[in-house]
Amino acid sequence: MELNKLVKKIVPIAVIGVVVAGLQSCGGAKLSTANEQMARGEYYDASRTYRKIYNKLTKREERPLRGQVAFLMGECHRRLNQFERAAGAYQNAIRYEYPDTMEYLYLAQMLHGSGQYQRAVEAYENYLTMRPDDALAVNGLAGARMGLNKNNRTRYIVRKADMFISSRSDFSPMFAPGTFDKLYFTTTREKVTGNRSEITGTKCGDIWVASKDERGVWQRPEPLEGELNTDRDEGIISFSPDGSTMYLTRARREPNSSTSVEIYTSQRSDAQWGAANKFDILKDTISAVGHPAVSPDGQWLYFSSDMPGGSGGRDLWRVNINQRIGSLENLGEWINTPGDEMFPYVRTDSVIYFASNGHPGYGGLDLFRAELKPSGGWAVTNMGRPINSPSDDFGITFGEGETGFFSSNRNDGRGYDNIYSFELPDLKILISGYVLDRDEEPVSGAVIRIVGDDGSNQKQPARPDGSFSFPLNRGVRYVMLAGARGYLNARQEFTSDSAEEDAEYGVDFILASITKPVVVENIFYDFDRATLRPESKEALDEMVQMLTDNPNVTIEMASHTDRHGTDAYNIDLSSRRAQAVIDYLIAAGISPDRLQSQGYGESRPKTITKKLAREYPQFKEGDVLTEEYILNLSEEDQDIADQINRRTEFQVLSIDYQMY
C-alpha cells in the first residue's frame, strides 16, 4: 500500500539521526548510503543495503553494531508491512542486546501482524513488565488475545476480487458517486506512469478505474484519462457528492528531504480528469496530510495527519471544505489513539469507517466502524473476522446495502495489497408451521397475523396444506394469531433470539371447531372422584387462554364416563367433574355467564375420528364406541375404548356474547 506507507511510515530525520549516529564510525560508502536512504524514508533500498552490512559484521567486537543494524532492518521491514521479516530482525536486535526497549514492542506487533497470537501475547506481556502504562501495548495485548479465539467470526463473506488484481499492489477502492458501476483504486502495476519507488521497490502508484458493462460484469481496469496521473505517487481518493471534484493523496518528494504526502484536488471535464492542484489545509510543510474522505453532504473533508495536537501517530481530523480557516477539528480520543488512525470513509453524518493499529485488533491495521452517540462521542467497533485479519486491512468502500470492497495484504509475504469484496448476507430468521384442526388436518381458509413490538405487522393465508412462513427480525417480541371461519382463534407469543445468526422457529396452531365438540386432552381426575389432578393445570390454562383470545364465545363444558357403573352414578360423577373445570375457569377470571357445565355419564359414546383411527388402527373412522361394540372387542381393546370414552370436552354455544 504505497501511499499508505508514505503516510504511516515516515519517521522524522532527527529521530533516525539519533539511531544511526553510532553507525557512522563503520565508514564505507554503503553504510553512508543506507543511513541516507533510511533518513529519506526509502525503506526498500535501505533494507537491502543494511542486509549487506549486517552480513559483513561477523567479528565478536562488532556484535553491538550488528544489533543496531538488525534494529534498523526491522524498522525498514516494519514500514514495508513485511511482518515476519521484521520480527526476525527485531529478534536479532534483542539477541545482540541492542539497548532500546521499543524493539520488544515492535517484536510483539510484528508477531501479532503475522498471526502468531500466542507468541505475540507473551511478547506484549514481556514488554509491559518494562512499560506497564503503554496504551499501544495494552491494546495490542487485548487484540492478540482476541485473535486466539478462533470462533468469534462475523457473517461477512469476503472474497479476493481477482478482476481488479495485478502482480503488484492494488488498494483503496472507491465507488464513483451516485453509481456502483465504476470503481476507482490505486495501483502500482507495471503499466503505471511513474518509475520505481525507492521506498517500496515497486512503481509509484497511479489511479485506475474499472467499469461494469451493460450486463453488469466488471471489465478490465484502465488508467484514468487526462493529466491526473504523473511520475509521482497518486492515490487514495474521494469525491464531492456531485462527482465533479476528486480529492486525492499525492507524495511530496524533494531532494535531501524526507518523503511526505499532501492532499490535492482534480476537476472532471467530460470523461477526463484535469491536472491536480494542492488543497491547502496546514501552513507547515513537515506534517503529512492524506487519505481524504468527503462527507455525504459535501461540507467536510476528513483526513489523516500526524500534525501536532493529536493523540500520537496519525490521527483522524476534519476541516470545513468551504471555510478552512478556523474549522480544523480532531475527531477526539474515542477514535484516535497513540497508534495510527487512517483511511476514513464517511458513510453518513453519524457513521464513519477507518483503519487503525491503535485500537485492539487482529494485527496490523484493522477496519473499525464508529457511530456518533446521541450523548456525544463515538462508539467504535472492530469489524471482526473475516473483514479483519492478522495483516493490514484498510480502505473500505460501500456499494448497495452491506456490500463493497476493501484492501488487505493478507497472505502476501511481499507486503503487496489486494482488493477484496465483502457482503453481509441478510439474516434468514423465519417462523413457520401449520394451522390444523383437532384431528390434525389442514384448516381451509386459515389466516395468520404476526405483530412485533418493532412495529412490524404481517398477514398471510395458510397454504392448502395448512403451512405458513414469515420472516422475522432479531430480538423482537411477537404475537401471532391464527383464525378461520368456523373455528376459534388461537394465539401464540414468543421473542426471537438476538444472536446475529440464521434461525428458524416452528409453531403450529391447533384450531377448535365451533360446530362440534372438542376434546380437551390431558385433564385428569382422582380415581372415582371429581378432584382435578395437578398435572391438569397446563391443559386448563390453555382453556383459559383460548377463552381470553375469543371473548365473544360461550361454551358448554361436558364430562363423559365409560360404561362401568350405574347410569345415575355416572351422571352424577360426570356432572361434578364438568363443574370442577368450570370452577377452575371462573377462578382464572372467565365470566360465569360464558360457561355451562353438563355431565353426560355414558350416554354419549365417542365416535372414532381420523386422528383416533391413526393412533388406534384397530378402530375405523366412524366407529361408535357403544357398550355393545366394546363387548365384541378383546379385553385389551376394551380397556382402550373405555379410556377413549372417558373424556372432558367443550362445545361452543354462541359466538356473540357481549359483556355489559
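Mentor: The structure holds 28 salt bridges, a salt bridge being a side-chain nitrogen of Lys or Arg within 4 Å of a carboxyl oxygen of Asp or Glu. The model is predicted: local features need pLDDT of at least 70, side-chain atom pairs count only at pLDDT 80 or more, and totals for chains, interfaces and linings use all residues. Residues are numbered from 1 along each chain as its sequence is written, and side-chain values use heavy atoms, with hydrogens and water left out.

Consider Asp393 and Arg410, which form a salt bridge whose closest N and O atoms are 2.7 Å apart. This pair connects distant parts of the chain, 17 residues apart, with Asp393 in strand E19 and Arg410 in the loop between E20 and strand E21 (418–423); strands (E, at least two residues) and helices (H or I, at least four) are DSSP runs numbered from the N terminus. Both Asp393 and Arg410 are buried, where buried means under 20% relative accessible area, exposed over 50%, and partly exposed in between (1.4 Å probe, protein chains only).

A second salt bridge joins the side chains of Arg347 and Glu402 (2.9 Å, N to O). Arg347 lies in the loop between strand E15 (341–346) and strand E16 (351–356), and Glu402 in the loop between strand E19 (393–398) and strand E20 (403–408), so the pair ties together parts that are 55 residues apart in sequence. Arg347 is partly exposed at 26% relative accessibility, and Glu402 is partly exposed at 27%.

In the salt bridge between Asp213 and Arg215 (3.3 Å, N to O), Asp213 is buried, with a relative accessible area of 16%, whereas Arg215 is exposed, at 66%.
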